[in-house]
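Below is a short briefing on a predicted model. Please read it alongside the sequence and the coordinates.

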Amino acid sequence: MSFVSPSDDPRHMHNRAAAMIARKRLLTFVAPLFVLGYFVYIFFAFDIMGLAERARLDNAVTLVSDTYSYKTVVERNNRTGEIGVAVEGERKGTYDASNYPGWVTVGEDAALITLDDGGTIEIVGDIVRYDVPGFGVVEATQNRTDGVKLNLDTADLPDWISYSKTRVTITTDAARLSLTKARTEVFVYDFGWELFWVTLDSPYSGHSLMEVLTGPQLDPTRPNIAGAWHDFWNNAIWRHGETAWALFETILMAFLGTFGAAIVALPLAFMAAKNFAPFMAVRMLARRLFDFLRGVDGLIWTILLSRAFGPGPMTGALAMLFTDTGSFGKLFSEALENVDSKQIEGIASTGAKPMQRYRFGVIPQIVPVLLSQVLYFLESNTRSATIIGAITGGGIGLLLTQAMITQKDWEEVTYYIILIILMVMGMDTISSWLRRKLIKGD
Amino acid sequence: MADLSAAPLDATRAHYLALTRQRRLYGGIMLLVFVLLMASGFGIANDRNAGGFLPGLPHIFDFPAGVISEAWTKRANLPDHLRNALPALVETINIAAVATLFGAFFAILLSMFATRGLAPWPRLIPVFRRIMDLMRAVPEIVIALVLIFVLGGGPVPAAIAIAFHTVGALGKLFSEVNENADQKPLEGLASVGAIWPQRMLLGLVPQVAPNWFSYALLRFEINIRASAILGFVGAGGIGYELKNAISWGQGKFDEAAAVFILLFLTIVFFDQLSSYVRNRLTYGSDKGAGK
């Protein structure tokens, strides 16, 4: 064509290109500057400076050390004179007099603890002596009237000894000793998770797996394998059985929520799709419903529903169902709008009735898309179910928050975290395997 | 010419029908298993719930009705409550924005390290992929709760927790985008001696930036929801206000209503905004504007 439109004029094109480049150049400078300015604002809005004061690094240290080690407590009640040895100071981990660990000997109102680094701690009545290698003997006494006394110059103590009139604390790499009027406590740290398999009151404690499997019957009333499994499953500290149930509950919530939402959303999506719902009003209504369901977030649904149904996995499942109905409705109706009409016309040309047109013309086209969306949501809902569980009180999320609130059993928190990550990764694997299998058909 | 006698045709038809029947049977069995799973799952969930489904159903509107009626009787306070909750809302949005910005930045880096053809150390691609899988698998609440214990409550633990998950989630999507990028500009840049950052910045980023932006925007919307939820478990922001107002119970329901309204409007706003902008990016300005 000889006709040249004004926009094809070389000078005009040149100007347009120059303007575009100038705009791009401006953007590359302004956008990072804007982000930088935003970060400066955030720095003050989030009070990053104050964070250093609020941060409890000692908490971080207990947290980290608790995740890979445990402590055994030797405790003398200074009022009654009783001495006990317990793992983590818990009743369920208390040793009875016949099976004290090898590093402690308990006598008449006395105990001797031999530490890994060669040091010893001796409790004799109201006196406790800690022989620290390379330092010497630290002797502390307590009595009811004078409080706590130390054999060292209390004005010039090394920083691992803290002293006040009511308490002496000595912290070394091998152990921690604390003495008050009420009790003398020695904490000895060991590597690993304590009593992970069975608790001390079980007859199988202290025996290896091989002994349990092939050795003589340890409990006369039960066969070894069944008994050991029972004691492991009902381990009072780790509660493996309950944990497994909680994991199952979380997955159940995700499963019910996701597929329930898909079932509810599919018919509604037809009402929201341009090419299936001829009436504008119906379409608008369905779309606004989806927006509403999505907009009232899972958090609000959880709160609302837990008032009616009480806490538990079903409340979580329903909350997810409501939110995801909104998301699925939107996604499904978009997929329906992209359906190829030729296939439907082809089916219609054979004289198919409307239901048959949907069944053979529409469904085969959209099923792969929908299924892939649903399976993708299943994985992400497993994560949501953990969080919703923490709020509504069900599943592994609840166990996690409970273990965290006590702020002492960080090894259990670690255990739950590992299980949660494994669960989510497992669901991810299953959902992508199903996606491959069902959609691509390999 | 081939002799098309009737017998092989019949055999083929019989074979086809048998296959169809078999497929239908499998489909039916799968459907049955699915229905059974749903039904029994619902039964189990119902049993383990504190209140049952059917007894609770009539009361489903009790709480919303209580909130609305109290908010209505005290409707004069509503503007004040809305104004009071606004700083918390801004904090929630800030948490999401900071987490998305940081998350997207590290996701871009990780996604380049994990894409064939772009990675500076191709041998480490599987390592970076596993790192992203791991980061994606950690629910935000896990990191948030641990960090609240260490850093104290407030927006920072929530922002870190959400950013951590965002790196994994966006990293995977970004690396899928990167895989579809044209390698030719990169090769051209390499041939004139461009170093790795130059090749990425000049050869890759202009190709994929709109897609990255679109995914990051979607993530921002998801992160606002996450940040509201984390507030509920103690990380500050509007979720925290909501928890306080709700656990107070009757008497503060008007405050709860104000928070509900703000949260709902915010989520709807960002939901619509992100879908509008993403439509514009995918279909161009005409269709996006006309929608």
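Two strands pair if DSSP finds at least two bridges between them. Helices (H or I, at least four residues) and strands (E, at least two) are DSSP runs, numbered from the N terminus. This is a predicted model, in which local features need pLDDT of at least 70, side-chain atom pairs count only at pLDDT 80 or more, and totals for chains, interfaces and linings use all residues. Residues are numbered from 1 along each chain as its sequence is written, while chains are lettered from A and ligands numbered from 1 in the order in which they are written.

**Strand pairing in chain A**
- Strand 7 (residues 136-143) and strand 8 (residues 147-150) of chain A run antiparallel and are joined by 4 bridges.
- These two strands of chain A form a hairpin, with 3 residues between them.
- Q142(A) has V148(A), in strand 8 of chain A, as its bridge partner.

**Overall form of chain A**
- Chain A contains 13 helices and 12 strands.
- Its C-alpha trace spans about 110 × 70 × 45 Å along the principal axes.
- The radius of gyration of chain A is 34 Å, whereas a compact globule of 442 residues would have one near 22 Å; the radius is taken over C-alpha atoms, and the globule rule is 2.2 Å times the number of residues to the power 0.38.
- Of the 442 residues of chain A, 33% count as buried, that is, with 20 or more other C-beta atoms within 10 Å of their own, C-beta atoms being placed from the backbone.

**Domains**
- An automatic or database domain assignment supplies the bounds.
- Chain A is assigned domain 1 (69-191) and domain 2 (240-440), with C-alpha centres 55 Å apart.
- Chain B is assigned domain 1 (6-50) and domain 2 (65-290), with 40 Å between their C-alpha centres.

**UniProt annotation**
- The unreviewed UniProt entry places "domain: ABC transmembrane type-1" at residues 247-431 of chain A; UniProt positions are in the numbering used here, feature names are shortened, and annotations may be inferred rather than shown by experiment.
- That span of chain A is 87% helix and 0% strand, and its end C-alpha atoms lie 17 Å apart.
- For chain B, UniProt (unreviewed entry) lists "domain: ABC transmembrane type-1" at residues 89-274.
- Residues 89-274 of chain B are 84% helix and 0% strand, with end C-alpha atoms 18 Å apart.

**Contact between chains A and B**
- In chain A, 52 residues are in contact with 48 residues of chain B, contact meaning that C-beta atoms, placed from the backbone, lie within 7 Å.
- Helix 8 (residues 298-309) of chain A gives the most to the side of chain A that touches chain B, with 8 residues.

Note on methods: Two residues are in contact if their C-beta atoms, placed from the backbone, lie within 7 Å. A residue is buried if 20 or more other C-beta atoms lie within 10 Å of its own, exposed if 12 or fewer, and partly exposed in between; C-beta atoms are placed from the backbone.
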